[in-house]
There are 2 protein chains.
Amino acid sequence: MKLDSWREGPPRAAILDFLSRVTAENGPGFVPASERIAVFDADGTLWCERPTYAQAAFLLAELRDRVGARPELAEQPVVSALLAGDMRKASEHGIDPVVEVLLDLHAGRTVDEFAALVATWFEVAQHPRFGVGWDALAYVPMLELLDLLRANAFHVFVVTGGGVEFVRAVSERVFGIPPSDVVGSAVEVRYENESGHSRLIREATLRGSPNEGPPKAVNIHAHIGRRPILAAGNSPGDREMLEYAHTGDRPALCLVVDHDDEDREYAYQGAAATDPGATSILDTATERGWSLVSMRRDWRRIFSGDGPG
Amino acid sequence: MKLDSWREGPPRAAILDFLSRVTAENGPGFVPASERIAVFDADGTLWCERPTYAQAAFLLAELRDRVGARPELAEQPVVSALLAGDMRKASEHGIDPVVEVLLDLHAGRTVDEFAALVATWFEVAQHPRFGVGWDALAYVPMLELLDLLRANAFHVFVVTGGGVEFVRAVSERVFGIPPSDVVGSAVEVRYENESGHSRLIREATLRGSPNEGPPKAVNIHAHIGRRPILAAGNSPGDREMLEYAHTGDRPALCLVVDHDDEDREYAYQGAAATDPGATSILDTATERGWSLVSMRRDWRRIFSGDGPG
């Protein structure tokens with residue numbers, strides 16, 4: 001139950017210690033329930049992001065469908081490279097032409113249609129290595145942590161670099177987090193009223209910057225309006241979110257997931273897709289005294305299918 | 001307790017009927033708790049907006065302070081007109097120069113400093129006619145409705161044309177609504193990290209459009225991610241929000257507050273500040289079959305100071 005999938009060790013101890021401190025009513029570190037805000041990155045922090053983000057798998061499936069219906073699209077070099085899984089070739093003229101192709105897939109759809117497409121895909125999609133649905137790819141230790149936080153009157157938010165509409169379509173069933181508690185990258189939508197029936201239509205452009213780096217802190221303020229006291233991430237795109245939580249007036253806990261378990265998951269250095277040359281977030285964590293969570297050492301099991309391990 | 005300040009009549013009956021319908025588990029109008037989203041405009045819907053919005057009173061007090069410290073500012077025609085309470089003169093060259101003066105007041109402040117300024121002002125500010133603090137200017141019947149909705153597992157949001165940081169600084173104490181459940185107009189903020197301490201600084205520009213009209217529906221989607229089934233407003237700037245709630249697949253209840261009680265409050269036709277020539281929202285309400293709430297007829301008392309009336 002209570003962090004059962006976490007092995008004894010520094011991160012587990014840091015979590016339990018932090019919770020004791022902020023909930024001890026007469027202690028110096030007490031934080032009122034209304035200010036117990038926790039923010040979690042999604043991909044690579046709450047669930048598996050390799051070999052691709054769930055959203056990328058969805059978009060590729062959608063692109064295949066689109067090309068099936070309109071084969072001439074495959075003549076576009078970016079489209080053919082994406083279909084071949086050659087991301088380097090697809091982005092040889094920068095990331096913008098790739099984003100354009102992907103945003104175009106659902107431009108003109110209502111937001112409800114988009115959510116339904118994601119839900120439908122999610123029912124059947126399987127992870128290429130593990131052969132399970134994406135809802136089985138949430139990290140069990142993190143789900144236990146979310147539960148423990150809620151039990152301690154925390155309000156838990158997902159703050160993702162991914163598309164907010166994609167993550168919202170699955171966040172309740174996968175993470176137990178309702179749509180209104182998801183902050184992410186967004187596309188512009190426009191309001192339409194046709195014969196009295198109003199709808200919101202997706203446009204082919206991003207709304208502001210992607211939710212990575214400094215925008216994560218800015219959007220936490222825009223959406224939540226309070227500085228978090230707990231933040232968890234795994235990539236350079238999470239750095240400012242972690243710093244923002246770390247340097248408030250309250251006690252704070254920052255967790256960084258280290259993907260060091262190629263047997264049970266993957267081994268890689270967390271890097272934001274948009275910022276591959278950045279300083280490792282693991283180095284930042286060590287420098288700042290944030291808790292490094294080793295998947296290999298600290299997690300007894302990773303996925304619900306792993307058994308008690 | 002339960003809508004005690006509402007007189008018997010069509011709006012009260014519509015509310016109770018709607019709640020019965022959406023909570024009747026085996027009924028045709030049942031709505032699962034996770035989809036019971038209610039959105040409320042603030043100024044003129046949840047609390048008094050005359051003779052000025054609370055936020056306008058705050059900004060004017062701040063402007064007076066600023067001019068006290070730097071008297072040369074009063075030489076600017078817009079500033080002197082604002083100080084004289086002459087809004088027509090202040091905006092003779094359009095609303096932009098007025099907005100510029102007001103945004104400039106807190107540009108460069110951290111978001112925490114801004115919230116503290118609002119809280120300090122709120123402690124001492126008094127309404128010019130009623131001689132009470134602004135927290136006594138919430139409409140008691142609406143507070144009862146918020147409580148009843150929460151008791152029926154609704155998630156209640158404020159969706160205001162006002163500044164989101166201003167409203168968040170007071171929404172918990174006045175409406176019982178936490179900062180993360182307030183959607184409003186916003187200014188740009190920038191992330192700064194100075195010697196390891198990160199802060200968010202207000203800029204002198206709006207972030208996107210003001211949260212009035214179609215943007216209210218768009219921002220409900222951006223922030224909440226679900227279509228509301230209950231919406232309440234009082235001005236043309238609320239029209240699209242009400243339409244959006246009204247035309248989903250679920251049963252919906254739309255309420256429009258009619259300010260028709262000059263004895264106990266004010267009598268005026270609701271009009272968005274930005275759209276004075278618009279069709280009356282009362283006419284729209286009648287056309288669409290939304291519930292018109294007459295403050296004079298339907299509310300036994302308006303403010304907590306009114307007594308049982």
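This is a predicted model: local features need pLDDT of at least 70, side-chain atom pairs count only at pLDDT 80 or more; totals for chains, interfaces and linings use all residues.
## Two copies around one axis

Residues are numbered from 1 along each chain as its sequence is written, chains are lettered from A and ligands numbered from 1 in the order in which they are written, and side-chain values use heavy atoms, with hydrogens and water left out.

### Where the chains meet

Contact here means heavy atoms within 4.5 Å. By that rule, 34 residues of chain B touch 34 residues of chain A, and 100% of the contact residues of chain B recur in chain A. Together the chains bury about 3,000 Å², with 51% of it on carbon and sulfur atoms; this is the accessible area (1.4 Å probe) that two parts lose on being put together, summed over both.

The rule finds 2 salt bridges across the interface, a salt bridge being a side-chain nitrogen of Lys or Arg within 4 Å of a carboxyl oxygen of Asp or Glu. B:Arg226 forms a salt bridge with A:Glu172, where the closest N and O atoms are 3.1 Å apart. Among the elements giving two or more residues to the side of chain B that touches chain A are strand 2 (155-163) and helix 9 (214-223) of chain B. Helix 9 of chain B gives the most to that side, with 7 residues. Helices (H or I, at least four residues) and strands (E, at least two) are DSSP runs, numbered from the N terminus.

### Some buried residues

Buried means under 20% relative accessible area, exposed over 50%, and partly exposed in between (1.4 Å probe, protein chains only).

| Residue | Relative accessible area | State |
|---|---|---|
| A:Cys48 | 0% | buried |
| B:Cys254 | 3% | buried |
| A:Ser171 | 0% | buried |

A:Ser171 sits in helix 8 (residues 164-175) of chain A. Leaving aside neighbours within four places in sequence, A:Ser171 has contacts that include A:Gly176, A:Ile177 and A:Val182. As for cysteine pairing, the structure holds 0 disulfides over all chains, counting pairs of cysteine sulfur atoms within 2.5 Å.
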